Amino acid sequence: MSKVLQKSSRDPDRTRADLAAWLARTLPAGSAPEVTELTVAPTGQSSETLFFTAAWDDDGEGDVRRARRLVARVAPRPVDIPVFPSYHMEREFQVIRLVERLTDVPVPAAVWVEPDPSALGTPFYIMSRVDGDVPSDITYNSAGWLFEADPGRQRLVQESAVSALAALHAAPDPERNFAFLQYPEAGDTALRRHVAHAQAWYDYAVSLAGRCPLIERGLRWLADNWPADSGETVLSWGDARVNNVIFRDFRPVALLDWEMAGLGPREIDIAWLVGGHRVFQQIAGLFGSPGLPDFLCLEDVATQYETATGHAVRDIDFYLTYTAIQWAIVFVIAGLRRVHFGEQARPDDVQDLILNAGPLEEMLAL
């Protein structure tokens with residue numbers, strides 16, 4: 001369970017040299033930048049994360065030279081089977097900057113964005129590095145600082161994460177300020193477009209792995225169980241998980257990973273926060289761990305969110321099922337990535353890649 005899966009075929013030494021060359025072109029003449037350390041993070045299923053330290057001269061004369069600890073988010077190369085069919089690094093960069101300016105949500109400082117793929121092979125953006133603790137991507141509920149924390153501190157993590165989500169959803173006039181996040185797919189509401197975008201995501205998975213009857217049943221279930229009123233449209237983080245938060249003293253100091261940001265009902269993020277934890281609870285059970293059964297429970301999260309916002313969570317079964325369907329798509333593509341990197345054999349049935357197949361079957365049977 002603790003095995004770190006390979007996420008990239010990128011060569012760190014070549015990447016360090018390419019990044020230094022890009023800085024030399026980007027910074028003022030005489031800056032003489034040097035990238036002294038670079039690590040390709042082993043976590044995440046989508047964009048690549050590069051932690052690096054760079055130093056350059058601020059005055060161009062070598063008198064004021066300062067090291068900076070930075071992070072680059074780089075779109076994955078097509079050969080590595082990206083989780084999403086396309087990546088929009090400029091959009092992510094803009095989201096982070098607007099979230100910092102328009103809300104009280106903590107995010108890293110967005111420094112540069114480079115849409116030209118020639119520098120590192122794919123587009124990227126650079127942000128400041130924020131120190132703190134991040135729950136591990138898969139095993140946070142079976143080992144590590146959050147698992148070992150006492151119930152009071154675990155509760156603080158939960159409550160502070162829900163508070164951050166509430167603050168994000170308070171972003172003013174999202175359909176104007178974040179209009180660039182509106183999905184291009186057809187639909188008369190933000191929710192219709194959001195689900196149509198997920199359908200297009202599934203179509204991408206089909207192009208890689210072939211059809212999956214379970215996911216197709218799920219998409220039909222959504223159409224048959226559509227909410228009567230999807231409610232207010234807010235800025236949606238999209239990937240609302242504690243694994244995407246840097247904590248310090250058990251409180252968020254930076255929300256990360258904005259690839260799935262969009263516009264939609266509040267319940268999309270609430271269900272992703274709760275439903276994602278349910279998925280990881282199931283994975284923990286496969287390895288004989290009890291996980292964190294009292295963490296991110298739906299009733300608690302819904303109550304905390306309503307207290308913070310005055311909004312009563314509604315139609316949550318629809319959104320939890322929608323979350324489970326999207327996780328099934330993630331598992332299909334992530335499974336193919338593992339096959340690509342030689343970490344597992346390709347199964348005869350694509351559905352065998354879906355780790356939450358059993359719970360999703362149960363949800364669709366209700």
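**Salt bridges in a predicted model**

User: How many salt bridges does the count come to?
Analyst: A salt bridge is taken here as a side-chain nitrogen of Lys or Arg within 4 Å of a carboxyl oxygen of Asp or Glu, and by this rule the count comes to 19 salt bridges. The model is predicted, so local features need pLDDT of at least 70 and side-chain atom pairs count only at pLDDT 80 or more, while totals for chains, interfaces and linings use all residues. Residues are numbered from 1 along each chain as its sequence is written, and side-chain values use heavy atoms, with hydrogens and water left out. The number asked for is 19.

User: Which residue meets R16 in a salt bridge?
Analyst: Helix α1 covers residues 12–26, and the two partners sit 3 residues apart in it, separated by about one helical turn (helices are DSSP runs of H or I with at least four residues, strands are runs of E with at least two, numbered from the N terminus). Their side chains come to 2.8 Å, N to O, and the partner of R16 is D13.

User: Are R241 and D137 buried or exposed?
Analyst: R241 forms a salt bridge with D137, with the closest N and O atoms 3.2 Å apart. R241 lies in the loop between β6 (234–236) and β7 (245–248) and D137 in the loop between β5 (124–128) and α3 (145–148), so the pair ties together parts 104 residues apart in sequence. Buried means under 20% relative accessible area, exposed over 50% and partly exposed in between, with a 1.4 Å probe and protein chains only; both R241 and D137 are buried.
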